Amino acid sequence: MENAQNRPLLFTPITIRGVTAKNRVVVSPMCQYHSDDGGPGDWQMMHLGRLAVGGAGIIFGEETGVEARGRKTYMCAGIWDENHIPMYRRITDFIKEQDAIPAIQIGHAGRKASCHVATEDWRPLRDEDAEYGWAPWQGLAPSALDQLPRRYTPKAMDADDIRTVLEAWREATRRSMDAGYDILEIHGAHGYLIHQFLSPVSNHRNDAYGGDREGRMRFALEVAEIVRAAWPKDKPLFFRVSSVDGEGGIWDLDDTVALARELKERDIDMIDCSSGGISGDSEMPMVPRIEKFQAGFADRVRREAGIMTIAVGGITEAHQAEEILQSGRADLVAMAREFIWNADWTAHAARELGVEDPFDQMPHEYAFRLRQREKQKEMSINQGGAVTRAAYEKIFDETW
Ligand SMILES: Cc1cc2nc3c(=O)[nH]c(=O)nc-3n(C[C@H](O)[C@H](O)[C@H](O)COP(=O)(O)O)c2cc1C
């Protein structure tokens, strides 16, 4: 008999501030390059909706730009306009109806702006692309340094730019709340604007926002403060980091632990431990993409900074996810690519880990049919294949 002691941790609810997720499975943010002037449409509804139906407890949408110029591409998502709010509201309503928590990751691409989509390897836009409406634009950065040659070198942000961008984070946070999200994540990883400030590879400033680690962390902490102040007290706030710039990174795990401690002081609830993405004036190789490749980062940040963490990267199996939680390396487990392959991963994982009613992870419309099928299978076996009408009706009553 299942009880609170022997139920898998992955399927034990977790409460953070005023929000309870039914399990600890997180859909990691996944850019879709399918937005129309920043706004989501039917594609995002289908993409996120099927994952909610599949049982994941927390569903992150893709990185969502706080400013139009803070997108990577013209197809990226954004929440810089009031018109975006009802478009996201439709999706958050649906996710909540499936008993899942809608979560948004907001970000700013900084110098990684103005390029083609992922299938074109983020090739920088050129003047010729203006012919069909994709004119290149100038990105922002801590320093006027590119990680690859572009039409416009990014603008080194002055005090006014910093104020404007901080204000954009605040407004995007307010819109996210109005759009119905229950969890918000600040994207501080993958070589985007916040990470560009953190890393000495991209931050060559000699003012208060550069120099030593404290200076390079200033922008990240100001974003955290402004977002926390704008986000409701009873809602969780996450922060995604690149735990290391790369193998042998210049921004390393000691730096991430120090940042996590500062974020904790600013009431950030969870550090989402990713890695890499800075590229540029360095030859650092990527962290090898092996099984559970970033779980060690989540473990160390959790132990040394005393803050909850998400393990993400190379997790595909139920037992891997459960082991990460059982060994206390992280509080949540996130996956991206496996969910593209198998949207119902969560319900299948519940079954694999021996959850008594795995179908309970899914909406009622599906769950009761699957429970019925189980009972029918059981009865057919017990009765040598034949099931009477009366027995069938009993199954229906029990599973409805
Ligand atoms: C299609 C795709 C899009 C992604 N987009 C984002 C994104 O918008 N924001 C982000 O922080 N990470 C993004 N990532 C990284 C994932 O969230 C995740 O950290 C990474 O894929 C490792 O997890 P996995 O091994 O389970 O795929 C993306 C990954 C994929 C595959």
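Strand E4 gives the most to the lining of the second largest cavity, with 3 residues. The model is predicted. This report covers its cavities, its pockets and the ligand.

**Cavities**

There are 3 cavities of 30 Å³ or more. The second largest cavity holds about 50 Å³ of space. Its lining is made of Cys 31, Glu 63, Thr 64, Gly 65, Gly 70, Arg 71, Lys 72, Cys 76, Ala 77 and Ala 109. By class, that lining splits into 4 nonpolar, 3 polar and 3 charged residues.

The largest cavity holds about 60 Å³. The lining residues are Pro 40, Gln 44, Leu 48, Gly 61, Glu 62, Thr 64, Ala 77, Tyr 88, Ile 91, Ile 104 and Tyr 181. Of these, 7 are nonpolar, 3 are polar and 1 is charged.

Thr 64 and Ala 77 are on the list for the largest cavity. Thr 64 and Ala 77 also line the second largest cavity.

**Pockets**

The largest pocket has about 1300 Å³ of space. Its lining counts 47 residues. Trp 122, His 190, Tyr 192, Ser 274 and Arg 289 lie nearest the centre of this pocket. E4, strand E13 (332–335) and helix H9 (337–341) each supply at least two lining residues. H9 gives the most, with 3 residues. The lining divides into 19 nonpolar, 17 polar and 11 charged residues.

The second largest pocket has a volume of about 170 Å³. It is lined by 11 residues, and the closest to its centre are Glu 356, Asp 357, Phe 359, Arg 371 and Glu 374. Helix H11 (364–382) and helix H12 (389–399) are the elements that give two or more residues to this lining. H11 has the largest share, 4 residues. By class, the lining has 2 nonpolar, 1 polar and 8 charged residues.

**The ligand**

Where does the ligand sit? It sits in the largest pocket. The ligand is surrounded by 15 residues. The closest are Ser 28, Pro 29, Cys 31, Gly 314 and Arg 337. The shell has 6 nonpolar, 6 polar and 3 charged residues.

Taken alone, the ligand exposes 610 Å², and the protein buries 81% of that.

How values were computed. Residues numbered from 1 in each chain as written. Predicted model: local features only at pLDDT ≥ 70, side-chain atom pairs only at ≥ 80, totals over all residues. Heavy atoms only, no water. Near = heavy atom within 4 Å. Areas by Shrake-Rupley, 256 points an atom, 1.4 Å probe, with all protein chains shown as cover. 1 Å grid on protein atoms, 1.4 Å probe; cavity = no way out; pocket = protein on both sides within 12 Å on 5 of 7 lines; lining within 4 Å. Sits in = over half its atoms within 2 Å of the grid points. Nonpolar A, V, L, I, M, F, W, Y, C, P; charged D, E, K, R; others polar. Points joined across faces, edges and corners; volume = space filled by probe spheres on them.
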